[in-house]
Amino acid sequence: MAHERSRFGFRPNTVQDVWHLPENTKIGKFATGAMCSSDESRFKLSTCDRVWRCRGERSAACNILQHDRFGSGSVTNLWTKVQRGKAKRGKAQRGKAQRGKAQRGKAQRGKAQRGKAQRGKAQRGKAKRGKAQRGKAQRGKAQRGKAQRGKAQRGKAQRGKAQRGKAQRGKAQRDLFIERFCMTGGSSPIGYLKAWQTNLYLSADAEKVREALSEGIAAATMFMSNKLTEVSQTQLRVAFDGDAVLFSDESERIFKAQGLDGFFQHERDNEDVLLDRGPLKDFLASLGKLQKKFYAKGHRLDCPIRTYLVTARSAASSGIRALKTLRAWGLETDEALFLAGAPKGPMLEKIRPHIYFDDQMFHVEGAAEMGTVAAHVPYGIAQKHPHKKSLNTGK
Ligand SMILES: [Mg+2]
């Protein structure tokens, strides 16, 4: 007890004085108690009042002296206990620091993870939006393309249907019997005309008409007239010009080159020479074959087909040569009108043909003005010199 009392008497001053601890430094009961209960120190401080050494190092030998048993307070345990107390606080602080660090780390990792997650989410959202937008744009493009193709196909189908319907309505309205029917999808049908043994090709497309003429097919370009003359419903009337239509353009060339006097002289000199065939000669021959079938049945006067020659030639040698040529071919027209240069329009108005063929646009236009459906045959020298009229030449 005496030793313990001496320990208690020594303790307060020793702790504060030896370690110079702040006054408010707390020293727990355990540390104090342990210090008080310890009695196992083997050394004491004798040369200095403080010892510095690192953890794990032994104290220097000069600072270790054999203690005096119960002579003075032991420092070892005090030091140890303080270290333990500090260690506890350090551990606690380290634990707190570690927990704080861990928490901060966790918070930072959480924040980082949240940021990463948010960035990932934002990027995924952006990528999804971009993908969705691209998909939408592609679908829109595909749908527009599909719609356009569908529209084009529907338009093509509708046009085809409309054309077929128009052709069928035309057939029904005119009570025509059409055996051969061809839809070429916009390409030229001229290549098929000979295979079909076509007698006459009519079109509003002058280029196709020229192509047909070059193939040896009777062809003409159609023009619509603002004034239409009433025509017969029981008889087909077809009127032809002579030169460059039923005949070649031989005499027309003489006229263009040598004038009216040269033309007359040429016709007198060649009165018995047959004219060459013109582009519509075979069509007249085809009509003649049909007529002969009606003639054979006794319908000569009331034949449903009637043909006309309407020419600017005169009844003199030029007209005689044209008639001789027709007879030589075995052809004839029901009527031959030699106008000697007079306008053809008024005569055609009286004839009221369903169609009139001429190689010169001047006559075509004149006939159309009088209400006749006129067709232009783009053949011969007149196509190269369209402005030099032969109407008033007396040819
Ligand atoms: Mg002519």
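Guide: What follows starts at the metal site and then moves to the helices and loops around it in the description.

This is a predicted model, in which local features need pLDDT of at least 70 and side-chain atom pairs count only at pLDDT 80 or more, while totals for chains, interfaces and linings use all residues. Residues are numbered from 1 along each chain as its sequence is written, and side-chain values use heavy atoms, with hydrogens and water left out.

The magnesium ion is coordinated at 2.0 to 2.3 Å by Asp241 (OD), Asp243 (O) and Asp359 (OD). Donors here are N, O and S atoms within 2.8 Å of the metal (3.2 Å for Na, K and Ca); water is not among the atoms, so sites may look incomplete. Along the chain, the donors of the magnesium ion have the spacing D-x1-D-x115-D. Asp241 sits in the loop between strand S3 (236–240) and helix H6 (242–246), and Asp359 in the loop between strand S6 (355–358) and helix H11 (361–369), so this pair ties together parts 118 residues apart in sequence. Helices (H or I, at least four residues) and strands (E, at least two) are DSSP runs, numbered from the N terminus.

Asp241 is buried, at 5% relative accessible area, and Asp359 is buried at 1%. Buried means under 20% relative accessible area, exposed over 50%, and partly exposed in between (1.4 Å probe, protein chains only).

Among the buried residues of H8 are Phe283, Leu284, Leu287 and Tyr295. H8 (residues 281–296) has 16 residues and reaches 22 Å from its first C-alpha to its last, close to the 22 Å expected, where the expected span is 1.5 Å times one less than the number of residues. Gly298, which follows H8, has a positive phi near 80 degrees.

Phi of Arg352 is positive, near 55 degrees, although the residue is other than glycine. Arg352 is partly exposed, with a relative accessible area of 39%. Ala340, in the loop between strand S5 (335–338) and helix H10 (344–351), has a positive phi of about 50 degrees and is not a glycine; Ala340 is partly exposed at 41%.
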